[in-house]
Amino acid sequence: ALQCVEQDANAHTTPEFPDHWMYNGDAGQPESFTMTLDCKDLLIVYKDSGDHAFGTAEVLVDGEVTRTINALEIGWNHCNAYIVYTSEEVKEHRVEVRMTDVAKKFTILGFGYTLK
């Protein structure tokens, strides 16, 4: 269930972030999302939800928790964005998003970053 909008002249709705990553609480699924990228600043876009099957995730940059995100904070089915890291210089960072309760769900919709 992603936030959907009508795009262009189409009357049907289209998911805004169709290429998202979702942790769905399954035991066989990795409990975290990881990536490495060069950036100065980093923003995460995640799905906010009113469904209590969703939970809280921690965002770590270079092994340090920079933000804890509760997907139930607002309680709507839409996207939210948070700045999770800022710096004065561009360098390589390891980013991890991990669940605080592995029985809950969490959806990453996308990331934004700066290089200047």
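A disulfide is a pair of cysteine sulfur atoms within 2.5 Å. With that cut-off in hand, a search of the whole structure turns up zero disulfides. Two cysteines are worth a look here. Cys39 is buried at 1% relative accessibility, whereas Cys79 is partly exposed at 25%. Buried stands for under 20% relative accessible area, exposed for over 50%, and partly exposed for what lies in between, using a 1.4 Å probe and protein chains only.

Before we go further, a word on what you are looking at. This is a predicted model, in which local features need pLDDT of at least 70 and side-chain atom pairs count only at pLDDT 80 or more, while totals for chains, interfaces and linings use all residues. Residues are numbered from 1 along each chain as its sequence is written, and side-chain values use heavy atoms, with hydrogens and water left out.

Now let us turn to the sheet. Four strands form an open sheet in the order S3-S10-S5-S8, with antiparallel pairing. Strands here are DSSP runs (E, at least two residues), numbered from the N terminus, and two of them pair if DSSP finds at least two bridges between them. The edges are strand S3 (21-23) and strand S8 (78-85), each of which pairs on one side only. On average, neighbouring strands of this sheet are turned by 30° against each other, direction ignored; the axes behind this angle are lines fitted to C-alpha atoms, and angles run from 0 to 180 degrees between N-to-C directions.

His20 sits in the loop between strand S2 (13-15) and S3, and is partly exposed at 29% relative accessibility. The C-alpha atoms of His20 and Thr107 are separated by 6.9 Å, although the two residues are 87 residues apart along the chain.

The other is Asp62, in the loop between strand S6 (56-61) and strand S7 (64-70). Most residues other than glycine have a negative phi. Asp62 is not a glycine, yet has a positive phi of about 55°. Its relative accessible area of 41% makes Asp62 partly exposed.
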